[in-house]
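Have it open while you read.

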Amino acid sequence: MTSRIVPFSRFGFVNAYLVPEDDGITLVDTTIKGAGKKLLAAAEALGAPIVRIALTHAHGDHVGSVDELAAALPGVEVLISERDAPLLTKADMSLRPGEPQDKLRGGYPGIKTAPTATFVAGDRVGSLEVVAAPGHTPGHVAFFDTRDGTLLCGDAYTTLGGVRTTAKPSFPFPLAALSTWSRATELESAKALRALDPQRLAPGHGKIVESPAAAMDAAIAKAS
């Protein structure tokens with residue numbers, strides 16, 4: 001089945017995704033700062049408004065244009081996991097009891113827009129199922145379209161130069177892995193996402209990969 005998601009890329013390697021819904025568009029991530037007008041134009045080209053912004057995690061290259069979009073879209077929903085919500089606004093950057101006490105890595109710019117609501121694993125955001133995928137950040141999630149098997153995996157996997165997990169830096173694109181908080185946790189999340197047997201893998205960095213099972217298995221093996 002053909003995927004309904006529409007990829008949006010900045011500089012060829014920082015991605016967001018527009019997911020057409022019955023009530024408008026769910027935008028998954030927003031890339032970097034300054035992409036708001038182009039994201040609005042992409043939605044206009046699809047003939048529908050952005051009604052909700054769903055964030056995989058709080059790193060700056062995923063939340064960079066939230067403030068710009070929120071200013072342009074009064075009433076838009078801004079959604080992120082309960083765990084990454086305080087990291088989004090930098091209200092609380094501490095680790096919680098029971099979490100790996102590894103250093104938070106990557107850029108957390110802190111945005112002005114507070115989330116309108118938070119979600120946890122198993123919730124629905126528009127047509128997408130929230131899947132816990134911690135490791136890259138404490139509250140990192142993926143979104144799974146159960147209708148066509150598309151997995152929007154955030155930074156759990158990258159596909160630049162081949163499918164890779166972000167549990168271990170690899171070339172030609174080590175940057176995402178270098179921004180991973182807990183590599184052991186990330187590897188377990190990569191395995192859990194593979195167990196969903198997605199029909200296509202839509203990453204935060206790199207092109208969409210069709211029939212990714214074998215490539216995901218190889219990526220897990222390389223990171224283990």
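The points below go from the whole chain down to one residue.

1. Ground rules first. This is a predicted model, where local features need pLDDT of at least 70, side-chain atom pairs count only at pLDDT 80 or more, and totals for chains, interfaces and linings use all residues. Numbering starts from 1 along each chain as its sequence is written, and side-chain values use heavy atoms, with hydrogens and water left out.

2. On secondary structure, the chain has seven helices and 14 strands (DSSP runs, numbered from the N terminus: H or I of at least four residues for helices, E of at least two for strands).

3. The C-alpha atoms fill a box of roughly 45 × 40 × 30 Å along the principal axes.

4. Buried residues account for 53% of the 224 (buried is under 20% relative accessible area, exposed over 50%, partly exposed in between, with a 1.4 Å probe and protein chains only). Of the contacts between residues at least 6 apart in sequence, 63% join residues at least 24 apart (contact means heavy atoms within 4.5 Å).

5. Now have a look at A176, which sits in helix α5, residues 175-178. Its relative accessibility is 6%, so A176 counts as buried. Beyond its neighbours within four places in sequence, A176 touches H136, T158, T166 and H205. L55 is 121 residues away along the chain, with 16 Å between the C-alpha atoms of L55 and A176.
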